[in-house]
Amino acid sequence: MDRLQQTICALATPAGEGGIAVVRVSGPDAYPLVEKVFVPLRENRRLAGARGYTAMLGHYWLRGEEMDETIALCFRAPHSYTGEDVIELSVHGGAAMADGLVEALLLAGAAPAAPGEFTRRALEHGRLSLTQAEAVMEVIAANGRQGAALAKSALDGRLARRIGGIQSALQTLSAHLTAWVDYPEEDVPELSDTALAATLSAQKAELDALIAGYGAGAVLRHGVDCVLLGRPNVGKSTLLNLLAGFDRAIVTPVAGTTRDVVEQAVQLGEIRLNLFDTAGVRGEDEADAIEAEGIRRSWKKLDEAGLVLAVFDAAQPLAEADLAIARRCQGRPALAILNKQDLTDSTAAAQAALQPYFKKVLPLCARDDASLPLLRDAVAALLGAAQLDPHAAQLCSARQLAAATRARDALQEALRARADGFGLDAVGVCLADALQALCDLTGEDATEATIDEVFATFCVGK
């Protein structure tokens with residue numbers, strides 16, 4: 001049986017205690033199926049006669065027993081989330097009533113929904129594009145308001161429209177090139193190299209901007225793994241506690257207190273930091289076997305991190321171990337934190353020594369809450385989040401990034417081919433490659449395997 005001909009159901013709200021639980025039912029038999037388990041409070045009402053965008057109060061029944069008070073919210077095809085007949089049934093929150101309602105629906109003939117199946121049906125019925133479908137989980141998973149705004153812009157279709165504009169310009173150019181190359185006997189206006197290069201360059205610039213914004217957008221939506229690195233007693237654990245808002249790590253004047261990686265997720269402004277406080281780094285001859293293993297793990301975390309907060313003691317002259325850490329941070333997304341600035345008259349010398357290795361050197365006191373806004377702004381600027389418009393169309397998945405990169409590279413190859421003296425037919429081949437990559441991005445030519453990959457991360461009920 002075709003899966004789209006089945007009526008599916010699933011809990012659409014998180015499992016566990018709550019005010020209400022919502023079970024969604026979608027499919028061609030949604031209304032007659034729900035009528036088997038739902039009895040309206042008013043005797044003269046029937047669910048089958050309910051119009052879209054209306055609600056009805058009643059109770060659901062399980063194995064002949066009246067269960068919980070239930071509100072049925074009705075949607076009629078094609079004006080529903082999935083494009084099918086949909087009913088959302090609300091009961092009191094908690095496992096007993098929600099599970100009982102799902103059981104009743106399954107006994108009535110519904111099939112359990114697979115992860116992401118409601119959204120996949122919306123895609124199949126043309127209610128959403130593939131980029132909008134991907135944005136659904138991005139909205140759910142977003143950690144901050146700006147990340148949610150980025151995901152919502154894709155869900156609203158802004159990314160699809162932006163890509164559509166690029167496609168339209170390239171399709172017009174491709175049609176002109178095809179006519180010029182294939183029908184020389186026709187009176188097709190000649191396309192100047194200047195106009196050709198201008199169109200290719202303009203659309204390449206659009207793709208460059210989308211690609212450049214992907215990293216910062218991903219940080220806003222999902223956060224970033226951040227490692228705290230530094231010598232013993234420079235204040236890494238104090239900084240962790242400041243960011244966490246409570247005493248997450250033990251802080252003592254004894255060197256080597258932190259011997260393993262301490263993990264803590266914190267929200268710094270709009271960015272979620274998955275913090276890893278590492279063992280203090282010093283020479284192997286100074287550390288015992290346990291501390292040495294902690295130091296090895298510190299270097300490993302440095303290699304894996306998307307953000308490095310390298311902490312230095314501003315009240316002490318920089319040691320060779322400090323400079324060794326700085327050299328390891330060069331070329332990475334790393335911020336130098338000159339801690340304990342309250343204990344010194346000047347940090348100028350330390351700042352000058354560290355400047356060549358870091359994008360920014362930030363003096364602060366990790367014991368002072370006033371340091372948080374400084375750190376927040378510095379991290380946002382370093383990761384590009386401060387410059388990103390959260391309401392603009394942005395790429396929101398690695399799949400989209402790969403497709404956009406293929407399209408950009410094909411346009412670059414077209415420009416290079418023309419500059420090297422190749423004919424317009426060679427340019428046309430590159431242009432066709434770019435258009436195919438954009439079709440892959442929007443899902444116009446998406447394979448079943450690609451769609452399966454997109455929905456692999458979805459939760460049941462969405």
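Trainee: What makes strand 5 and strand 6 a pair?

Mentor: The number of bridges. Two strands pair if DSSP finds at least two bridges between them. Strand 5 and strand 6 (residues 86-92) have five, in the antiparallel sense, so they meet that cut-off. Keep in mind that this is a predicted model.

Trainee: Which residue is the bridge partner of L73 in strand 6?

Mentor: E88 is the partner of L73 there.

Trainee: How do you know that strand 4 and strand 5 pair?

Mentor: By the same test. Eight bridges join strand 4 and strand 5, again antiparallel. The cut-off is at least two bridges, so the strands count as paired. One example is W61, whose bridge partner in strand 5 is E66.

Trainee: What lies between the strands in that hairpin, and which residue there has a positive phi?

Mentor: Two residues separate strand 4 and strand 5 in the hairpin, and R63 takes a positive phi near 50°.

Trainee: What about strand 3 and strand 4: how many bridges join them?

Mentor: Three bridges, with strand 3 (residues 38-40) and strand 4 running antiparallel. Here V39 stands opposite H59 of strand 4. At least two bridges are needed, so this too is a pair.

Trainee: In what order do the seven strands form the open sheet?

Mentor: The order is 3-4-5-6-2-1-7, with mixed pairing.

Trainee: What makes strand 3 and strand 7 the edge strands?

Mentor: Strand 3 and strand 7 each pair on one side only.

Trainee: Why is the contact of R63 and E103 called a salt bridge?

Mentor: Compare distance and cut-off. The side chains of R63 and E103 meet at 2.7 Å, N to O. A salt bridge needs an Arg or Lys side-chain nitrogen within 4 Å of an Asp or Glu carboxyl oxygen, so the pair qualifies.

Trainee: Which parts of the chain does this pair link?

Mentor: Distant ones. R63 sits in the loop between strand 4 (54-62) and strand 5 (65-75), and E103 lies in helix 2 (residues 95-107), 40 residues apart.

Trainee: What N to O distance do R76 and D85 have in their salt bridge?

Mentor: The distance for R76 and D85 is 3.9 Å. The limit is within 4 Å, so this pair still counts.

Trainee: Is D85 buried or exposed?

Mentor: Buried. D85 has a relative accessible area of 17%, and buried means under 20%. R76 has 24%, so R76 counts as partly exposed.

Trainee: Which residues are linked with R408 and D409 in a network of salt bridges?

Mentor: K204 and D208 join R408 and D409 in that network. Within it, the closest N and O atoms of D409 and R408 are 2.8 Å apart. D409 has 40% relative accessibility, so D409 counts as partly exposed. A search of the whole structure finds 18 salt bridges.

Trainee: What makes L41, L57 and I71 a patch?

Mentor: The three form a nonpolar patch on the surface, with about 260 Å² of accessible area together. Patch members need over 30% relative accessible area. Take I71, which belongs to strand 5. I71 has 42%, so I71 is partly exposed and clears that cut-off.

Trainee: Why is helix 3 called largely enclosed?

Mentor: Seven of the eight residues of helix 3 (residues 117-124) are buried, so the rest of the structure largely encloses the helix. The buried ones are E117, F118, T119, R120, R121, A122 and L123. Their cover includes strand 1 (8-11), strand 2 (20-26), strand 7 (111-112), helix 4 (130-141) and helix 15 (448-455). G126, with a positive phi near 75°, follows helix 3.

Trainee: How many of the 462 residues in the chain are buried?

Mentor: Buried residues make up 48%. The chain has 15 helices and 13 strands.

Trainee: What is the mean pLDDT of the chain, and where is the pLDDT below 50?

Mentor: The mean is 84, and 89% of residues reach 70 or more. Residues 248-260 fall below 50, although this stretch has 37 contacts beyond near neighbours in sequence. Residues 286-290 are also below 50, with four such contacts. Where pLDDT is low, predicted coordinates should not be read in detail.

How values were computed: Residues are numbered from 1 along each chain as its sequence is written. This is a predicted model: local features need pLDDT of at least 70, side-chain atom pairs count only at pLDDT 80 or more; totals for chains, interfaces and linings use all residues. Side-chain values use heavy atoms; hydrogens and water are left out. Helices (H or I, at least four residues) and strands (E, at least two) are DSSP runs, numbered from the N terminus. Buried means under 20% relative accessible area, exposed over 50%, partly exposed in between (1.4 Å probe, protein chains only). Patches are made of residues with over 30% relative accessible area and no salt bridge: like charges are joined within 9 Å, nonpolar side chains (Val, Leu, Ile, Met, Phe, Trp, Tyr) within 5 Å. Accessible areas come from the Shrake-Rupley method with a 1.4 Å probe; for residues, only the protein chains shown count as cover. Contact means heavy atoms within 4.5 Å. pLDDT is the predictor's confidence in each residue, from 0 to 100.
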